[in-house]
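Please look through the structure below with its charged side chains in mind.

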Amino acid sequence: MTSKAKPSSSQLLKQELEALGRQPLGKELQRSSEQLRQLYAGCSDVIFRSFMIGGNSNALLLFIDGLSDATAIDSSIISPLMKAQSNQAMQLPQLAEQTVTVASSKPVTTYAQVMEAVSNGMPVLLRDQEEGGIAFGLPRWEKRSIEEPSAEPGIRGPREGLTETLRVNTSQLRRIIKSPLLKIEVMTLGEYSRTNVALAYVKGLADETLIEEMKARLNRIQIDGILESGNIEELIEDAAFSPFPQLLNTERPDVVCAALLEGRAAILMEGTPFALVAPITFFTLMQAPEDYYQRFMVSTFVRWLRYVFLLISLLLPSLYVAVLTFHQEMVPGSLLISMASAREQVPFPALIEALMMEVTFEALREAGIRLPKQVGAAVSIVGALVIGQAAVQAGLVSAPMVIVVAITGIASFMIPRYTAGIAVRMLRFPLILLAGTFGLLGVMLGIIAIVMHMSSLRSFGLPYLSALSTFRGRELKDVLVRGPLWMLNERPRLTGEYDAVRQAPNQKPGPQHGSE
């Protein structure tokens, strides 16, 4: 026989906590107070304030210093209750309704509800000889002011960004979409962190099947703590081993609201300014917010530039290695002579040379991100110039290779989403290896493998190359081009049932028929 493993001390503590949380609050205030004091033993920031209600009944107010508004607690709860003229027959909810000047409150009946309310900054009031208590909505903690997102700058458009406070973020969505059909459902994730996570969608625009699937994936998460939306992204995405992101992360409330109006859903959480949007396609990642704030001709031109430089960022180093190693006949004679003379002193083959330069450039880029802002940009730019020039003079790399790597690096900055850009940067290296091994045939095999992989991806049931693969005309108006706003009459087809019509027809600007 095999003996069962003895539970660890942490497991025993969790079991005790769960057992206590399920217990209802009894009528004896002294017993409830002892249980809570034992529970929060060693927590110096948890305040237990005992006082008399109306001079004839004992009461206890429990809150965490720094999460609740202590000034409002004194003026709106404790002081009015101490001065209240009450009798023992009056129930606590009725007394609080007549006396306490706090806008929101909710009843608590178990120890688990008390712990949850206190952790969310809501002071809890208990009264002797009365079951249950009341949690008052008086949270107050230090929070960052609303600022422009540094990761998503724009020339035109709103300058507001999301913050680390969930209710501030949901209020920004409410300020843009004022309809009561905007639903925001909050759940708690993380066994220890107890992080509030909100699922936002517009009822009637988002497919109910999509919302149920997102809820199911979120409820399936069983983990000790959720610290950032990236934790949620890894736990709910369809293909965990794909380099391509299947959810869009953004700091901009206007991007979130635009996605909600298209029938998508968004996930926001306490403690991070990054919201997650799903479902998405690859083409969603190639769209910038200001595409919809500029005139459509400008947006279409810039969007085409992005796709061109996306191909340059992905393929230029591998094409250079393939041509220089296997297909010299494709290079004009004068250019080939110039390249050969530049590589005369280089001791490495083109494959090793490209890998060395690409790794060095990526290291400089990451170093520039991690360093302080005052020196980060200078180090990355000056470092690239100095190292590149010194490497050419030392004969370690050729000047054409430095030019290729520099153009590739600049092209990668054209991709508007960091997560999509880093996926392209990662795929560049296997393409370089294939080019150095098999030439242009290897590059073509790599491209075919990437396209096949992208074709197999799904984002909550939506094909990753949707619109282009199905070739629906109405959806192509906002994929490779950005059609005029008055032509975008229908929402993109996502999953299941949806409200296709988004605006009235015949909104083309200019003089109308019959006008003088």
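Arg264 and Glu262 are both buried. In this predicted model, the two form a salt bridge, with their closest N and O atoms 3.0 Å apart. A search of the whole structure finds 22 salt bridges.

Another pair is found within a single helix. Arg217 and Glu213 belong to helix 7 (residues 208-219) and are four residues apart, about one turn of the helix. The closest N and O atoms of their salt bridge are 2.7 Å apart. Arg217 has 10% relative accessibility and therefore counts as buried, while Glu213, at 32%, counts as partly exposed.

A further pair spans two helices. Arg425 and Glu362 meet through their side chains in a salt bridge of 2.7 Å, N to O. Because Arg425 lies in helix 15 and Glu362 in helix 12, this pair ties together parts that are 63 residues apart in sequence. Both Arg425 and Glu362 are buried. They also belong to a network of salt bridges that links them with Glu358, Arg365, Glu366 and Arg428.

How do the two helices pack? Two packed helices are described by the angle between their axes and the distance between the axes. For helix 12 (residues 350-370) and helix 15 (residues 418-438), the axes come within 9 Å and cross at roughly 165 degrees. Helix 12 is therefore roughly antiparallel to helix 15. Their crossing is left-handed. By class, the contact has eight nonpolar, one polar and six charged residues.

Terms used. Residues are numbered from 1 along each chain as its sequence is written. This is a predicted model: local features need pLDDT of at least 70, side-chain atom pairs count only at pLDDT 80 or more; totals for chains, interfaces and linings use all residues. Side-chain values use heavy atoms; hydrogens and water are left out. Axes are lines fitted to C-alpha atoms, for helices over the stretch in contact, and angles run from 0 to 180 degrees between N-to-C directions. Angles under 35 degrees count as roughly parallel, over 145 as roughly antiparallel, 65 to 115 as roughly perpendicular and the rest as oblique. A crossing is left-handed if the near helix is turned anticlockwise from the far one by less than a right angle, and right-handed if clockwise. Ala, Val, Leu, Ile, Met, Phe, Trp, Tyr, Cys and Pro count as nonpolar, Asp, Glu, Lys and Arg as charged, and the others, Gly among them, as polar. A salt bridge is a side-chain nitrogen of Lys or Arg within 4 Å of a carboxyl oxygen of Asp or Glu. Buried means under 20% relative accessible area, exposed over 50%, partly exposed in between (1.4 Å probe, protein chains only).
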